[in-house]
Amino acid sequence: MLVIDPNLCIDCGLCETACPANAISHDLNSKLKWIEHNAKYAQIWPAINQMIEPLPNAEKNAKLENKEEHFDATAFDEATENSVADEK
Ligand code: SF4
């Protein structure tokens, strides 16, 4: 998963059509929780500034219906804490 910093996004909409997993939406009314999630992790996770290979689980996750139901913020927080600890 990656996040987009909502403070840097200019709402051009290009990513919404380019995302192969249909995971990006600019429907603000139903996505406020995701904006908060993006804002939080955009400050913590490293910036991606070059194209990389898809992650091992990308194809499987792209096919998931109702992705929101599979999202576990606790797992992201634990993984982030472990990653930060590894960097020290
Ligand atoms: S491509 Fe997406 S994230 Fe980037 S500025 Fe446009 S709408 Fe925002």
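Does Cys15 count as buried or exposed, and how many C-beta neighbours lie inside 10 Å? Cys15 counts as exposed, because it has 12 C-beta neighbours inside 10 Å; the cut-offs are 20 or more other C-beta atoms within 10 Å for buried, 12 or fewer for exposed, and partly exposed in between, with C-beta atoms placed from the backbone. The model is a predicted one, in which local features need pLDDT of at least 70 and side-chain atom pairs pLDDT 80 or more, while totals for chains, interfaces and linings use all residues. Residue numbers start from 1 along each chain as its sequence is written.

As for the overall fold, the chain has 4 helices and 0 strands, running α-α-α-α along the sequence. Of the 88 residues in the chain, 0% are buried.

Cys15 sits in helix 1. Leaving aside residues up to four places away in sequence, Cys15 touches Ile4 and Ile24, contact being C-beta atoms, placed from the backbone, within 7 Å. His26 is 11 residues from Cys15 in sequence, with 9.8 Å between their C-alpha atoms.

Cys15 also belongs to the ligand's surroundings, along with Ile4, Cys9, Ile10, Asp11, Cys12, Gly13 and Leu14. This shell splits into 6 nonpolar, 1 polar and 1 charged; Ala, Val, Leu, Ile, Met, Phe, Trp, Tyr, Cys and Pro count as nonpolar, Asp, Glu, Lys and Arg as charged, and the others, Gly among them, as polar.

Asp11 lies in the segment before helix 1 (14–18). Most residues other than glycine have a negative phi. Asp11, though not a glycine, has a positive phi of about 60°. Asp11 is exposed too, with 9 other C-beta atoms within 10 Å.

Terms used:
Near = placed C-beta within 6 Å. Helix = DSSP H or I, 4+ residues; strand = E, 2+ residues; numbered from the N terminus. Contact = placed C-beta atoms within 7 Å.
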